[in-house]
Amino acid sequence: MSERPDNKSNALNSAEDEFARKTGRRLRQSADELDAATLSRLNRARQRALDELPRARGDGFGWWVPAGVTALVAAVAVGVWQAGGPVEGPTQIAPMTADEVADFDMLLDDGELEMLEDLEFFAWLAQADMEAAG
Amino acid sequence: MDYDGLGSAQGDRTLNERLAMDRFLADVERRAFRIADIAVRNADDALDIVQDSMMRFVRRYSAKPENEWAPLFFRVLRNRIIDHQRGQSVRGRVMAWFSRPDDDREDPVASAPDPSMRNPEQQAGLDDAMSALEQAVGELPERQREAFLLRTMEGLDVADTATAMGCSDGSVKQHYYRAVRSLRAALGDHWS
């Protein structure tokens with residue numbers, strides 16, 4: 001039986017509410033007590049991110065070109081991977097599951113180009129697994 | 001036409017945008033780090049995740065109104081944490097495939113120092129209750145952990161938490177409720 005996601009039973013009692021407040025306060029406190037080295041690295045990370053602002057606000061083309069190339073490479077790679085050889089007649093592509101969509105999204109994300117380069121290897125790995133299993 | 005005035009106005013706008021973004025990132029970066037650290041249990045990986053999230057957030061969402069930044073930033077952070085965990089999982093599977101049952105060599109992954117281990121000074125700084133809380137939160141199911149940390153630690157309301165998690169308000173309430181009940185049951189001795 002599935003539960004309704006939004007109903008009265010999801011309301012916390014006062015003790016639970018107090019527990020949540022107390023733990024949240026302690027977690028925020030732990031964030032305020034980070035060591036100097038971590039704070040310094042966070043500061044450097046922030047400055048690097050701020051340096052992206054002119055690119056983000058100005059020339060959008062500069063961002064779309066690599067993204068477009070990534071998408072194109074991903075589409076070709078996934079097509080080759082799934083076909084596994086010459087296509088005979090029209091093929092029915094099964095709808096992707098939610099996990100597959102999320103995986104695909106991850107592959108398209110910039111920064112995951114190494115994964116794209118490894119696609120052929122993973123395809124070979126899957127093939128080898130199937131052969132080993134008979 | 002007053003070109004100097006135009007240039008100055010543009011310069012002011014750019015500076016103001018940078019200051020606003022700096023204020024926002026400075027405000028969220030520590031809690032973002034703690035959220036990532038609790039999720040991946042590795043401080044270096046957590047820092048990389050936060051840095052990457054900041055850059056992606058600036059590139060993609062800096063033009064959005066400031067009042068929308070918090071849920072969007074935590075959505076980016078959440079996606080980066082999930083990407084990291086999936087990447088770790090794939091790497092783990094590949095490493096497992098390469099290891100042979102009759103291989104006597106020492107497994108470099110198994111013998112490597114546990115990245116979640118803290119040095120003595122760091123460990124001393126954490127009291128028992130905090131350690132227990134951190135561990136219990138880290139062991140929650142992914143969606144419960146996200147709902148709990150975004151609601152209690154970041155202080156996002158239900159609607160903003162739903163935006164950050166990419167789900168409905170009702171799901172947020174349910175995950176949050178279950179998280180609080182699980183944690184209270186697990187940590188009663190420390191936090192009652």
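Of the 192 residues in chain B, 34% are buried. Keep in mind that this is a predicted model.

**Exercise 1.** Work out how many helices and strands chain B has, and in what pattern they follow one another.

*Solution.* Start with the count: chain B has 9 helices and 0 strands. Now read along the sequence, and you get α-α-α-α-α-α-α-α-α. Next, look at how far apart the contacting residues sit. Among contacts in chain B with a separation of 6 or more, 63% are between residues 24 or more positions apart.

**Exercise 2.** Decide whether Ile81(B) is buried or exposed, and find what it touches.

*Solution.* First place the residue: Ile81(B) sits in helix α3 of chain B. Then count neighbours. The cut-off for buried is 20 or more other C-beta atoms within 10 Å. Ile81(B) has 24, so it's buried. Leaving out residues up to four places away in sequence, Ile81(B) touches Ala36(B), Ala39(B), Val40(B) and Ile49(B).

**Exercise 3.** Find out why the buried residues of α6(B) line one face of the helix.

*Solution.* List them: Leu133(B), Ala136(B) and Val137(B) are buried in α6(B). Now look down the axis of α6(B): the buried residues fall within an arc of 95°, and that's why they line one face.

**Exercise 4.** Describe the side of chain B that touches chain A.

*Solution.* Begin with the tally: 41 residues of chain B and 35 residues of chain A take part in the contact. On the chain B side, α1 (3–40), α2 (43–61), α3 (69–98), α6 (128–138), α7 (142–153) and α9 (169–191) each supply at least two residues. Sorted by class, that side has 19 nonpolar, 7 polar and 15 charged residues.

**Exercise 5.** Work out how α2(A) and α2(B) are arranged, and which residues meet.

*Solution.* Take the axes first: those of α2 (residues 36–50) of chain A and α2(B) come within 8 Å and cross at roughly 25°. Angles under 35 degrees count as roughly parallel, so α2(A) and α2(B) are roughly parallel to each other. The crossing is right-handed. Now for the residues: those in α2(A) include Leu42(A), Ala45(A) and Ala49(A), and those in α2(B) include Leu47(B), Val50(B) and Met54(B).

Conventions
Residues are numbered from 1 along each chain as its sequence is written. Chains are lettered from A and ligands numbered from 1 in the order in which they are written. This is a predicted model: local features need pLDDT of at least 70, side-chain atom pairs count only at pLDDT 80 or more; totals for chains, interfaces and linings use all residues. Two residues are in contact if their C-beta atoms, placed from the backbone, lie within 7 Å. Helices (H or I, at least four residues) and strands (E, at least two) are DSSP runs, numbered from the N terminus. Ala, Val, Leu, Ile, Met, Phe, Trp, Tyr, Cys and Pro count as nonpolar, Asp, Glu, Lys and Arg as charged, and the others, Gly among them, as polar. A residue is buried if 20 or more other C-beta atoms lie within 10 Å of its own, exposed if 12 or fewer, and partly exposed in between; C-beta atoms are placed from the backbone. The arc is that of the directions from the helix axis to the C-beta atoms. Axes are lines fitted to C-alpha atoms, for helices over the stretch in contact, and angles run from 0 to 180 degrees between N-to-C directions. Angles under 35 degrees count as roughly parallel, over 145 as roughly antiparallel, 65 to 115 as roughly perpendicular and the rest as oblique. A crossing is left-handed if the near helix is turned anticlockwise from the far one by less than a right angle, and right-handed if clockwise.
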